[in-house]
Amino acid sequence: MAREQLKVLNALDIAKTQWYHFTAIIIAGMGFFTDAYDLFCISLVTKSLGRIYYHDDHSKKPGILPPNVAAAANGVAFCGTLAGQLFFGWLGDKMGRKKVYGMTLMLMVICSIASGLSFGKDPAAVMATLCFFRFWLGFGIGGDYPLSATIMSEYANKKTRGAFIAAVFAMQGFGILAGGIVAIIVSAAFNSAYPARPYSEDAIGSTVPQADYVWRIVVMFGAVPAALTYYWRMKMPETARYTALVAKNAKQAAADMSKVLQVDLEVEPEIIEKRRGNDFGLFSKEFLRRHGLHLLGTTSTWFLLDIAFYSQNLFQKDIFQ
């Protein structure tokens, strides 16, 4: 049965690069785009939050977020991301990439909008609401982030798999750039519509009431690219590698891939038996022997990279000072 199981997968590995591969890059890449926007847009609005909600009449400088509040606002989404990666990674192996992909996307849309709302107007209520929904936003991002890369790798052929995954990851940079662009446009529009005197001349009047809408619009805009890609994500069939190797249904895998790829796939037996030698768990000695060193090397280097990458993007306004 091992030979039969590899037919559809081998056809995918040798399939020529075609338009659907680039469509998958865009669809999966928009996940990374949205993830980066949602994670890092908070660093663009923290100064506004401090000025609006933590103003001190006796201070000669605009208000700033207290260190503990700033740390919570910036970091709470990453706590959710860690939990989301573990939960949705497990769920994606149980239910399939496509179903979980849609769940994470809807969670991101809802929480992006909810992050810009607040239960009340006092600082404690606003920041508590923001942190609560940003945690669950991070939870959804934690599922979307690895699933986007996994789906692209499972659709790609062997020759261009690395390049396609790199293209998907590159959308993260565009998401960070889009966050800055949106913040500049929204700020300029409000500054033009509601001009105010400098803080040195009028401490209270320098922050107009309408400024409270600026940070909310910037935060909620993250729901737009996520909502736009939901339809196309749901039209994507389940990946053949999941259907064949996890769901054990090579017939369905061949039928799904024949619809979207210009590949002549032979219809195989409907159900595939488990391949001998691959029936071992994540925490088994066999997995540790085969892949333990690979996993350690990948996770440790990724961890060290993220310390610099996420810290610099979240706290660059403080670093540059």
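Which residues does Gln172 touch, not counting residues up to four places away in sequence? Gln172 touches Phe32, Ala36, Tyr145, Phe309 and Tyr310, where contact means heavy atoms within 4.5 Å. This is a predicted model: local features need pLDDT of at least 70, side-chain atom pairs count only at pLDDT 80 or more, and totals for chains, interfaces and linings use all residues. Residues are numbered from 1 along each chain as its sequence is written, and side-chain values use heavy atoms, with hydrogens and water left out.

**Overall build**

- The chain holds 13 helices and zero strands. Helices (H or I, at least four residues) and strands (E, at least two) are DSSP runs, numbered from the N terminus.
- Along the sequence the pattern reads α-α-α-α-α-α-α-α-α-α-α-α-α.
- The C-alpha trace spans about 80 × 40 × 35 Å along its principal axes.
- Of the 321 residues in the chain, 45% are buried. Buried means under 20% relative accessible area, exposed over 50%, and partly exposed in between (1.4 Å probe, protein chains only).
- Take the contacts between residues at least 6 apart in sequence: 78% of them join residues at least 24 apart.

**Helix α7 with helix α12**

- Two packed helices are described by the angle between their axes and the distance between the axes.
- Helix α7 covers residues 161-193 and helix α12 covers residues 285-314. Their axes come within 13 Å and cross at roughly 15°. Axes are lines fitted to C-alpha atoms, for helices over the stretch in contact, and angles run from 0 to 180 degrees between N-to-C directions.
- α7 and α12 are therefore roughly parallel to each other. Angles under 35 degrees count as roughly parallel, over 145 as roughly antiparallel, 65 to 115 as roughly perpendicular and the rest as oblique.
- The crossing of α7 and α12 is right-handed. A crossing is left-handed if the near helix is turned anticlockwise from the far one by less than a right angle, and right-handed if clockwise.
- From α7, the contact uses Phe169, Gln172 and Ile176. From α12, it uses Trp302, Phe309, Tyr310 and Asn313.
- By class, the contact of α7 with α12 has five nonpolar, two polar and no charged residues. Ala, Val, Leu, Ile, Met, Phe, Trp, Tyr, Cys and Pro count as nonpolar, Asp, Glu, Lys and Arg as charged, and the others, Gly among them, as polar.
- Gln172 sits in helix α7. Gln172 is buried, with a relative accessible area of 8%.

**Other helix pairs**

- Helix α5 (residues 97-115) and helix α8 (residues 211-220) have axes that come within 7 Å and cross at roughly 175°. α5 and α8 are therefore roughly antiparallel to each other.
- Ser112, Ile113 and Ser115 in α5 meet Trp215, Val219 and Met220 in α8. The α5 contact with α8 has four nonpolar, two polar and no charged residues.
- Helix α4 (residues 67-95) and helix α6 (residues 123-155) have axes that come within 6 Å and cross at roughly 35°. The crossing of α4 and α6 is right-handed.
- The residues in the contact of α4 with α6 divide into 16 nonpolar, eight polar and one charged.

**Aromatic pairs**

- The whole structure has 21 aromatic pairs. Rings of Phe, Tyr and Trp (its six-membered ring) pair if their centres lie within 6.5 Å; planes under 30 degrees apart count as stacked, over 60 as edge-to-face and the rest as tilted.
- The ring centres of Phe135 and Trp136 are 5.1 Å apart and the planes are at 90°, so the pair is edge-to-face.
- Phe135 is partly exposed, at 25% relative accessible area. Trp136 is partly exposed too, at 33%.
- Ring pairs link Phe87, Phe88, Trp90, Phe135, Trp136 and Phe139 into a cluster.

- Arg51 lies in helix α3 (residues 42-53). Arg51 is partly exposed, with a relative accessible area of 28%.
- Leaving aside neighbours within four places in sequence, Arg51 is in contact with Pro62, Gly63, Tyr199, Ser206 and Thr207.
- Arg51 and Phe283 are 232 residues apart in sequence. In space they are 49 Å apart, C-alpha to C-alpha.
- Ala188 is in helix α7. Ala188 counts as partly exposed, at 44% relative accessibility.
- Ala188 and Tyr199 are 11 residues apart along the chain, and their C-alpha atoms are separated by 17 Å.
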